[in-house]
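Take a look at the model below.

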Amino acid sequence: MPDLLIELFSEEIPARMQAQAADGLKKLVTDALVERGLLYEGAKAFVTPRRLALAVHGLPGRQADQREEKKGPRVGAPEGAIAGFLKSAGLASLDQASVQSDPKKGDFYVAVVEKPGRPTPEVIAEIIPAIIRGFPWPKSMRWGSGSLRWVRPLHSIVATFGAEGDEPEVVRFEVDGIVSSNVTYGHRFLAPAPITVKRLDDWMAKLEAAKVVVDRDRRKDIILNDAKDLALANGLELVEDEGLLDEVAGLVEWPVVLMGAFEERFLDIPDEVIRATIRANQKCFVLKNPATGRLANRFLLISNLVASDGGAAIVAGNERVIRARLSDAKFFWDTDRVNGLAKNFSKFEHITFHEKLGSQAERIERIRRLAVEIAPKVGAEPALAEEAALYAKADLLTEVVGEFPELQGLMGRYYAQGENLPPEVAAACEEHYKPQGPGDRVPTAPVSIAVALADKIDTLVGFWAIDEKPTGSKDPYALRRAALGVIRIVLENGLRVRLRKILQEENILWFPETERGAIRQFIDGINPIRPEFEETSLNKMLLQGNPSTRFIGVNSLLSFFADRLKVHLREHGARHDLVDAVFALEGQDDLFLLVDRMTALARFLETEDGKTLLAGYRRAVNILRIEEKKDGRAFTGPTNAALLKEPAEERLADAIEQVKRRVATAAAAEDFETAMTALADLRGPVDAFFDAVTVNDPDPALRENRLKLLDEIRAATRGIADFDRIGG
């Protein structure tokens, strides 16, 4: 079957746009072909800095003929309706139509419209120009006097179609004065002459001979393998960088790996700074000395041509630029060490964190106070946590981080170590930002944990207070990531912290120090589970002092944590409904204990006892809801022992009381396996009750008492979770 080859040859396509453009061309063309009934066997896109191409294999030579029956008006219909039918069906007269009968609608005209399929090249000639003109580049340009927009000036278009063994035909079309042909061009410098091509294999072979590797993945393999070989030949190791490899593969059509060097004096700079400098400015790879484990004073660059001097001039040019850049980096590094981190503290007073949330200095002060509050809860020394919180952000105003923001935190660690600050403080400077993504590790050192939690919680409470919460897919302040970071730090370190108390303490830090004591006293005197106290009572009190400050709804923020926890646990195979069921209980803000309870509940519900008890629970609750709706009232226990007439209801009432005591004792001891074992003892009495007892007894007193007994089943399970929220 015939194959299609399309190549769009232009000036250099930015490397960051190439992969997306190749995928886009493939999808647009293949979708358009299928939409027109042209099914294919396979398709592959190619991209180099100067060309975007697509090969579609196994296309039919023409579209299939189509036969369609077009229903017309009834026999005897007005002339206008008949004329419209003839025109739409392409008929000259009614003699070309047939008459069909319908028992309900009578006789009506039918036209059989046969539409012959068009040759595939004709269809392609219609598809490709439209795709080129509407191609979705992130950025595009016009040039000369034409109207076409393309990422860079488009020079030529190859479009061939034909079966293997045959001479393919050129699919003829024109786009903004550019006429399709079978002519392309090789490497800009090494083989710029025109090349006549046929189909995919011929195109690839001739371009390879013309110093163009058209397959992006193959260019990456060449670069990686040659780089490793050259490093090994010099007794060094390549520091692999997948992002940089992707980028340089989009900068060259004929990759040639060369090695350069820089002065050893620059090795005084931290490895990460050297790597960032060389990577950002020259797109070069760095090399490691296996003997020392540190970087060597060598680098690898990827040239786009084979130079007559073996690349000596290219290497020398890159060495000059890298030497200048590393000189700047060394100056920044030396200047920062002379100035010291503490010199930056006062500067934060003049830097705004957010227009509604004050300065960076105010934020650092809140983080400091909260870190001191959290420290004893996570096993950290409060004085070290306080010092770490003060220094954690100081590197943001250093010269190196100003040049390479991606090194924030890490440079703080280096500077803190250079100033002989405690190791815990130096580690916290780097680790308090972690985790920054699902694959990032969490801090494990107590001081780092205290500062990391304080940093993330300050962010969450602050943006919650100004109502900048995530909505849908929008989360400009990365609040979901901050909440997930808190959750991972707590769970992966097995921390036992009460999240509500920490959130409330952070919120209090937003108020003037003179008001904080009264706020704490107010909170301690109110049941913190009542959601209305945060938004009403407390704020009414605060309005007398500072009307511009508001105590946020901690319950709302806890719900946000619950949602993030569900996402996190679901990604690890847990059931989100069980998270809901456990989180719904009052006071469940100890995340580690919550997950422990949920895990035990999940195991219990997998047992036969768990499944049967859940079924009995649902039966009880369904009856209770129906009767409560009917009577317009709630039936809440306890039951009246004198009205327990049947042995089965007596046994159930006795079992409930025993189970409630055992569950409460086990839950208080955080022994959830024992609590589940106790809960399993309800299975038999519940089944026996429904087998032997009529709940809706004619005697109103007995009926009410039995409905209250059903409510007692619900009360017994509430010692573990809210079974109403369990699905399945």
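Predicted model: local features only at pLDDT ≥ 70, side-chain atom pairs only at ≥ 80, totals over all residues.

Residues are numbered from 1 along each chain as its sequence is written, and side-chain values use heavy atoms, without hydrogens and water.

Q: Why is Cys284 called buried?
A: Buried means under 20% relative accessible area, exposed over 50%, and partly exposed in between (1.4 Å probe, protein chains only). Cys284 has 2%, so Cys284 is buried.

Q: What makes Tyr40 count as partly exposed?
A: Its relative accessibility is 31%, so Tyr40 counts as partly exposed. Tyr40 sits in the loop between helix 1 (15-35) and strand 2 (42-48).

Q: Why is the contact of Arg337 and Asp268 called a salt bridge?
A: A salt bridge needs a side-chain nitrogen of Lys or Arg within 4 Å of a carboxyl oxygen of Asp or Glu. Here N to O is 3.3 Å, and the pair meets in a salt bridge. Arg337 lies in helix 8 (residues 312-339) and Asp268 in the loop between strand 14 (256-261) and helix 7 (271-282), so the pair ties together parts 69 residues apart in sequence.

Q: Why are Glu492 and Arg488 separated by about one helical turn?
A: Because they are four residues apart in helix 15 (residues 479-492).

Q: Is Arg488 buried or exposed?
A: Its relative accessible area is 9%, so Arg488 is buried.

Conventions
Helix = DSSP H or I, 4+ residues; strand = E, 2+ residues; numbered from the N terminus.
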